[in-house]
Structures are given as C-alpha cells and as structure tokens.
Amino acid sequence: MGSTYKERFAALPARDRRLLVAMSAAALGMLLLGIVGGLLTALARGGLIDILPNTGYRLLTLHGVSIFFYWLFIAQAALLLGFAAVEQGRGLLRRGLAWLGFALMLAGFGASMAGAHIGVPLLYDGAPGLGALTPSGLLVFNLGYLLLGMGLLVLPAAAIVTLLTPRWEGRQDRLSAVGFALFAWAGFLMVSGFAALYTFLPGTLWALGLGAFPENHGTNWHIVFHNMHYLPLMATVILWYVLVQALTGVKSVFGERFSKIVFAMYLVFVPPTSLYHMFLEPDLPGAVRVTGSLLSLFVSVPTLTAFLIIIASLEIHARGQGGRGLFGWLRVLPWRHPAMSALAVAVLSMGLGIVFAFVLIQERLAPLLSDTFFVPGYFHFFTVGTVSLTLLAALAVMLPALGGRPLWRPGLLRWMPWLVFVGLLVFGAAGVAAGYLGVPRRVIDVAYQGQAPMLWQGLMLAIAIGGAVMASALAVMAAGVAASLWRGRVPVPASAGLTVDWGGGTPAPGVAAWMGPLSVLIIVAAMYLFTALGFELMQWLPVTASGGGGH
Amino acid sequence: MNEDFWLIVPVVAVWALLGLAYALAPWGDMIGYAWVWGFGSVLFLALAGLLLWRRPPDSAPPG
C-alpha cells in the first residue's frame, strides 16, 4: 500500500476508479446545474433580468434541489467511498451495494428535476400545501427524495463493510482516526436517508390516494433539514482532517484517540440541538424554548474543537518549517495547490457562518429573521464557502490521483476560492443586512409596486452582483476539477510540487499555537456583536417579519 | 471491546433517550423526531455490534 493518498488512490482497482469517477462526474454536473439556477434567481431578484415570478420559483427549486440535496450528498457519498477504499489500500468491498445506492440517487435526481417542472414549483422542501392542486407534480418530486433516501440507506453499507473487514478478519485491532470518522459519517448518512423517507413518504402516499394529507410536513421537514445540514458540516470537518494530511503530511498532534472522541461528539451533540427548529411553533412551552436555547449553544462545539485540533497541528508543524510570527507560519503552507486555498476559504466562511447561525437560532430572534433574506445570506457561508469548497478541494485531490492526469491549471484554480469568497462576502453582507431590515426570502420581486423601501432593491442588486461573482468563480473551480475526470495518457509525475510533506518531522516541544484559540475568541466576540445589533435593529425599525415555516 | 465500541455507546444512549423524550412529548407533534432518532439509535447499536465482531488474531489469514 502506498504511503500517500495519491499513491493509494492510484493503486485502486479499475472497477473502484470507474465507480468513483462516475459518482464525481454526476455530482459535479449537478453542482453546475444548480449554480445556473442560483445565478438566474439572483439576477432576477436584483432586477437585472426580467422573468415571470413562477419561472423564478422554478429556478429557485432547481437551485436548491440540485445543490442542497444532490450535489452535497452524491459528492459526500463518492468521497466517503473513495477514502474508505484507500483506508486499508485493498479497494472497495460490496461494490454492488455502492452501485445500487448510486443508481437510486441518480434516479432520484431525475425524478426531482421532473417534479420541479410539473405543476406549482415546490421549492426544495417540497411543501405539500403548494402541491395540493397538482398532486402528480408532488408525487414525482417526492419520489425523487424517496429514491435519494433509499440510496443513502444502501450506499454507506459498502463503506462500512470495507472499513470493518480487516477487523473482522483479525488483521486490525482498532480503526484509525480517519477510519472511525468515515464509519461515523457512513452511519449518519444512513440515518439521514431514513429521515428523508420518513418526511416525504406521507406526501407521496397522499398523492397516490393512499393516505391522509400530511398536515405535519413542516415539523417533519425540520428533522430532515437538521440532518441534511449538519451531516455536510461533519463531512467537511472530516475532510479537513484528511486533506491537511494529504496536502502537508501532518496528523493531529493530540493523537488519534482524541480525534475519534471529537468525531463521536458530532453524533452525540447533533440530535439534542435539533430543538431550536421548533422555535417558530406557537404551542411550544416556554421551558422547552429555554432548554432549546441552551442546547443550541452546543451545536458548534464539535466543529470548533475539530477546527482547533487541525489548526493547532498545522501551525505547530509549520513553525517547525520556519514559519514565524502570529501569521507568518501561514506563508509556508502549500498555497500552490487549489485545495489549500479552498480549505482556507472554507475555514473563514465557517467562522462567519457560525457567527450568524448563532444570531438566527436564538429564541427571540428566530421568529423575526427566519423568513427574511438573513437565512440565505448566512447559509451560503456554509453551503458554498464551507461545504462546497471543501468537497471540491477533496475532489481536487482524489480525481487527479484516480485518473492519472495532473490537476487542470492549478495556478488559475487556486485563485477561484478567493474569488468565491469575495462574491460571498458581498452576497452575505447584503443578505444579512437585508434580513435585518425585513426583506423577505423566497420572493422574486421585492419592490411591492414601489411601496417597499428603496434600500431593499439596492441590497438585492448587491446580492445579484455578489451572487454572480460567487457563481462564476465556483463554476470555474468545479469545471477545473471536472477536467481531471478524463484519464491522463501520461502518469502524473511522482511529485507534482503542489504539496509538502512535513509528516516525518517531530514538532519541537513547547511550540505555541495561538491561531486556533484566537479565532474562536473572535468568533464569540462577533456573535455577541451581531446579536446585539439584531436586537437593536429589531427594536428601532418599523418593519418586522414573522416566522412561518422556518428554514 | 475497545475505544471504537465505547465511543459509539454514548451515541446509542443519547439518541435513544432523545427518541423516547420526543415520543412522550405532549407538544409540537414531534413523533417524527422520535422515529428518526429512535431509528438512529437502533442503527448505531447494530453498528456497535459490528465493531464487536472480530476473529481472534491467531486465526487470521496470512497477509
């Protein structure tokens, strides 16, 4: 077995490589489709293109479904299988299950896309209330999510068998930290698949005339949504851990066992924090609201702890390579690899995302902000800046190694994450400001026949411009990574010079690593600042928003 | 039994307790939460069982 991830991916059997390439190609195609939908929606909201509102909602549905459900989850599935296959260097076991799961997801995507074009646009949550007049559209749309859910139940089993077989054969005493993380990730994917089935089956049965109308879809949506947005975050942190090793050779200085504890913490902390999605329910008792508020404080504990492990390990090793000063060690990181830039932007985006997430999930602010543009304004820091860029970074490492083709124009691609970040900052700042001022989300034209404040349209224009920059750069990054899908005629040189290997060195004892704790301090201070700002604005402005269905 | 198994045990316990709490909660029609976390608890219990299943080292095939 090779010692680097590149060698281990290159040594995979051709049948594994075919599966991983097919899944990656599908995921990247869905991402590009979703980017087009998002870009057109942003342009329409900014008044830069004129489309019918119904077309706008259809584009918004295409955007949300393609990216949030299919890109994020098929890319995760491909990376889970890929890293599980190379964990022991023996390739994937139970490959048939993986193909079956992938086929179910692909069929689901086809059905979801068809459903998005039949009847009333349902948006990505597929609310049955919207589909009541056209049950056939709801049926086809829900069928897509049911197939996706089944795929998520089946596919991770191949990863679990692959990871545990050496143990069952008595060749391994315990999983590595990465192996344990992949094992936990696989289990959580299966639970999310079940949640999707539970949420979308009642609407399907109603559309078939076999069940009652699902009045409680909103409550069920919260639980699938909770899984579907924490799972990519867990995947992101696992991939950071793996990518730092792939790009620099650095492993955690805190040891494998502590890393495993942090990955297990995700699974322990995620369910209890789900209560805050219910803050918009009018009959929720006050004591439960307080409990939910307190539990919500734990929501980012595993993410921040994993972040601290990774940053501290990297900083200590970088200082061993001559990095000096509070920020000087950052200069010695392998910035020539686009995955390094993507990781940096992902970390910065996560910090901003966490700040605004904590503003949103507070019991007093949630009802005021949940139906405003604050929500898309903040969650693009997670979905685009944090998760999508991390998935692309991982694919930028895996696909060239699988196909034997050097990464396409790394000198150009390494700037794309930063360009995404510029667009994201404009989009996010304008979006969060618009949310504070009461601009509703999911409304294509916010002019309200000239009755709305002038500032609203200006903010929508900024959102359109930021969104266009973000979408264009992300599309270039995705297309650049996709270029590695074609197998190279000449094997990639042993060292392409894009990465470094600090794994062999032992860090000197007593080296200080301040960047991680300092970052957390800044995040906490920013949370306080934006929460205070939110309360102040809500008290002074005449425009208020009231929560309806949550996010 | 090693750390892999013991790290999954709290997951099973917390998810089971939460599933039970949501099943009994009189507000918010949150039975869906009970089903999902309950399913997760059973699934991770099964996965913990898979972590226990191990051939003794002396009967392992060579290589």
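Student: Leaving aside neighbours within four places in sequence, which residues is Val161(A) in contact with?

Tutor: Two residues are in contact if their C-beta atoms, placed from the backbone, lie within 7 Å; by that rule, and leaving aside neighbours within four places in sequence, Val161(A) touches Leu93(A) and Arg94(A). Please keep in mind that this is a predicted model, in which local features need pLDDT of at least 70 and side-chain atom pairs count only at pLDDT 80 or more, while totals for chains, interfaces and linings use all residues. Residues are numbered from 1 along each chain as its sequence is written, and chains are lettered from A and ligands numbered from 1 in the order in which they are written.

Student: Where is Val161(A) placed, and why does Val161(A) count as partly exposed?

Tutor: Helices (H or I, at least four residues) and strands (E, at least two) are DSSP runs, numbered from the N terminus, and Val161(A) is in helix α5 of chain A, residues 135-168. A residue is buried if 20 or more other C-beta atoms lie within 10 Å of its own, exposed if 12 or fewer, and partly exposed in between, with C-beta atoms placed from the backbone; Val161(A) is partly exposed because 19 other C-beta atoms lie within 10 Å.

Student: How do the axes of α3(A) and α13(A) cross?

Tutor: Axes are lines fitted to C-alpha atoms, for helices over the stretch in contact, and angles run from 0 to 180 degrees between N-to-C directions. The axes of α3 (residues 53-87) and α13 (residues 374-403) of chain A come within 11 Å and cross at roughly 35°. Among the residues that meet there are Phe68(A) and Leu72(A) from α3(A), and Val387(A) and Leu391(A) from α13(A).

Student: How many residues of chain B are in contact with chain A?

Tutor: In chain B, 32 residues are in contact with 36 residues of chain A, and α2(B) gives the most to that side of chain B, with eleven residues.
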